[in-house]
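Reader: Hey, can you walk me through this one? I'm new to reading structures.

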Amino acid sequence: MNEKQVIVVVIDGQGGRIGKLIVEEVKKKIPEAEVIAVGTNSTATAAMLKGGADDGATGENSVIVASRRADFIIGPIGILAADSMIGEVTEKMAAAVGRSPAKKVLIPVNRCQIAIAGVESRSPAQFVPEAVEVVRKALLKE
């Protein structure tokens, strides 16, 4: 790894359950990373902060700003789709994540009305360790 501190942005909505699991796993497997929790609502942000995120923010502008700063963005696949998560993801949020130069590590979630062919049916929580391992391996290559 290089000298610059790695910024991992975790984006989640609704109750923040997946985001909290991601934050906990990142802090355990990549303790040197700065983890920024960005919720589409305050409940999600609070859950991720309880999971150990270094900082947190809520809402559309927070997603936009954090996406510009991130080295990695981790979250449910719905963060790339406007109106997903029961309407919590706005067009500007989805565009900011999509346009971010950060590496995106996405977790399949069927509630976002997106199905990924070839991905075995598991709960989103079961994908969290794999998602964090993608980030850890990418950092080892730097």
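Reader: How much accessible surface does the protein chain have?
Author: About 7,100 Å², and 51% of that belongs to carbon and sulfur atoms. Accessible areas come from the Shrake-Rupley method with a 1.4 Å probe, and for residues only the protein chains shown count as cover. This is a predicted model, where local features need pLDDT of at least 70, side-chain atom pairs count only at pLDDT 80 or more, and totals for chains, interfaces and linings use all residues. Residues are numbered from 1 along each chain as its sequence is written, and side-chain values use heavy atoms, with hydrogens and water left out.

Reader: What share of the residues is buried?
Author: Of the 142 residues, 46% are buried (under 20% relative accessible area, 1.4 Å probe, protein chains only).

Reader: Ok, and which residues have the most contacts inside the largest nonpolar core?
Author: Val8, Ile22, Val26, Ile74, Ile107 and Val135, in a core of 25 residues. A nonpolar core is a set of buried Ala, Val, Leu, Ile, Met, Phe, Trp, Tyr and Cys residues joined through side-chain atoms within 4.5 Å.

Reader: Which helix gives the most to this core?
Author: H6, with 7 residues. Helices here are DSSP runs of H or I, at least four residues, numbered from the N terminus.

Reader: What does Val26 touch?
Author: Leaving out residues up to four places away in sequence, Val26 touches Val8, Pro31, Ala33, Val35, Ile74 and Val132 (contact means heavy atoms within 4.5 Å). There's also a second, separate core of 16 residues, including Ile11 and Val38.

How values were computed
Buried < 20%, exposed > 50% of the residue type's maximum accessible area, 1.4 Å probe, protein only. Helix = DSSP H or I, 4+ residues; strand = E, 2+ residues; numbered from the N terminus.
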